[in-house]
Amino acid sequence: RQLLFVLCFFHTVVIERKKFGPLGWCVPYEFNHNDLTASALFLYNYLYTDIRKGISWKTVQYMICEVQYGGRVTDDYDKRLLCTYGEAWLNDAIFGKRWKFHDGYPVPDFRSLAQYRAFIEGLPVTDPPEVFGLLPSAEITHNQHRARDMLGVVLGIQPEDSTSR
């Protein structure tokens, strides 16, 4: 359960970094729900074939970060970032009581889906950029680009001034 939660959080971070443009990813990638589904299916098959051997975290990190998500990544820095997330988040430490992604973002261990939903609904609506591994100034840059784009749309729909009568 905790590992699946970490995988879902990983997917969310990968998707949400897109909104920061080149600060999030050097190259825009089309990550989607299929990446998460394939990774979850890999975890299921890997963990339930022979759990007595234990978890090879290097295998999990490689399959998720290099194959499932990394298969479409073309930039070396972006690939390094994915692997860094994998090393930090896909290991035995996530099962510790004090482990967290960021302040206020722990890895819950609940028994029911309703508890997980309640936990997720209790998370902040707007996540700080630090959750995605970015500096606080990334949010400022993102908001400036959004404002510029919105003003461009407003100016674009303004009627043209006609001087001929």
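Reader: Which residues is Trp89 in contact with, leaving aside neighbours within four places in sequence?
Author: This is a predicted model. In it, Trp89 is in contact with Val6, Phe9, Phe10, Val13, Ile94, Trp99 and Phe101, with neighbours up to four places away left aside.

Reader: Is Trp89 buried or exposed?
Author: Trp89 is buried. Its relative accessible area is 7%, and buried means under 20%.

Reader: What about Phe10, buried or exposed?
Author: Phe10 counts as buried too, at 2% relative accessibility.

Reader: How are Phe10 and Trp89 arranged as an aromatic pair?
Author: They sit edge-to-face. The centres are 6.5 Å apart, with 90 degrees between the planes.

Reader: Why give a distance and an angle?
Author: A pair of aromatic rings is described by the distance of the centres and the angle of the planes.

Reader: Which parts does that pair tie together?
Author: Phe10 lies in helix H1 and Trp89 in helix H4, so the pair links parts that are 79 residues apart in sequence.

Reader: How many aromatic pairs are in the whole structure?
Author: A search finds 21.

Reader: OK, the core. Which residues touch the most other members of the largest nonpolar core?
Author: Phe10, Ile64, Tyr69, Trp89, Leu90 and Phe101 do. That core has 37 residues.

Reader: Which helices each supply at least two residues of this core?
Author: H1 (2-16), H2 (33-49), H3 (57-68), H4 (76-89) and H5 (113-121). H1 gives the most, with eight residues.

Reader: Why would such side chains gather?
Author: In soluble globular proteins, nonpolar side chains tend to be buried together.

Reader: Back to H1. Which of its residues are buried?
Author: Gln2, Leu3, Phe5, Val6, Leu7, Phe9, Phe10, His11, Val13 and Val14.

Reader: And what covers the buried residues of H1?
Author: The cover includes H2, H3, H4 and H5. It also includes strand E1 (100-102) and strand E2 (105-106).

Reader: What span should H1 have, and how far apart are its end C-alpha atoms?
Author: H1 has 15 residues, and at 1.5 Å a residue it should span 21 Å. Its end C-alpha atoms are 21 Å apart, so the two values agree.

Reader: New topic. Where is Asp35, and is it buried or exposed?
Author: Asp35 is found in helix H2. At 4% relative accessibility, Asp35 counts as buried.

Reader: What does Asp35 touch, not counting residues up to four places away?
Author: Glu30, Gln68, Tyr69 and Arg72. A polar contact of 3.1 Å joins the side chains of Asp35 and Arg72.

Reader: Which backbone nitrogen lies 2.9 Å from a polar atom of the Asp35 side chain?
Author: The one of Asn32.

Reader: And Gln61, buried or exposed?
Author: Gln61 lies in helix H3. It counts as buried, at 11% relative accessibility.

Reader: Which backbone oxygen lies 3.5 Å from a polar atom of its side chain, Gln61's?
Author: The backbone oxygen of Gly86. Leaving aside neighbours within four places, Gln61 is in contact with Glu66, Gly86, Glu87 and Leu90.

Reader: What lies over the face of Trp25?
Author: Arg17 does, at 5.5 Å from the ring centre.

Reader: Last one, the overview. How many helices and strands are there?
Author: Six helices and two strands. Along the sequence the pattern reads α-α-α-α-β-β-α-α. Of the 165 residues, 33% count as buried.

Definitions and conventions:
Residues are numbered from 1 along each chain as its sequence is written. This is a predicted model: local features need pLDDT of at least 70, side-chain atom pairs count only at pLDDT 80 or more; totals for chains, interfaces and linings use all residues. Side-chain values use heavy atoms; hydrogens and water are left out. A nonpolar core is a set of buried Ala, Val, Leu, Ile, Met, Phe, Trp, Tyr and Cys residues joined through side-chain atoms within 4.5 Å. Buried means under 20% relative accessible area, exposed over 50%, partly exposed in between (1.4 Å probe, protein chains only). Helices (H or I, at least four residues) and strands (E, at least two) are DSSP runs, numbered from the N terminus. Contact means heavy atoms within 4.5 Å. Rings of Phe, Tyr and Trp (its six-membered ring) pair if their centres lie within 6.5 Å; planes under 30 degrees apart count as stacked, over 60 as edge-to-face and the rest as tilted. A charge sits over a ring if NZ of Lys or CZ of Arg is within 6 Å of the ring centre and within 35 degrees of the ring normal. The expected span of a helix is 1.5 Å times one less than its number of residues. A polar contact is a pair of N or O atoms within 3.5 Å; within protein, one must be able to donate a hydrogen and the other to accept it, and residues adjacent in sequence count only if both atoms are side-chain atoms.
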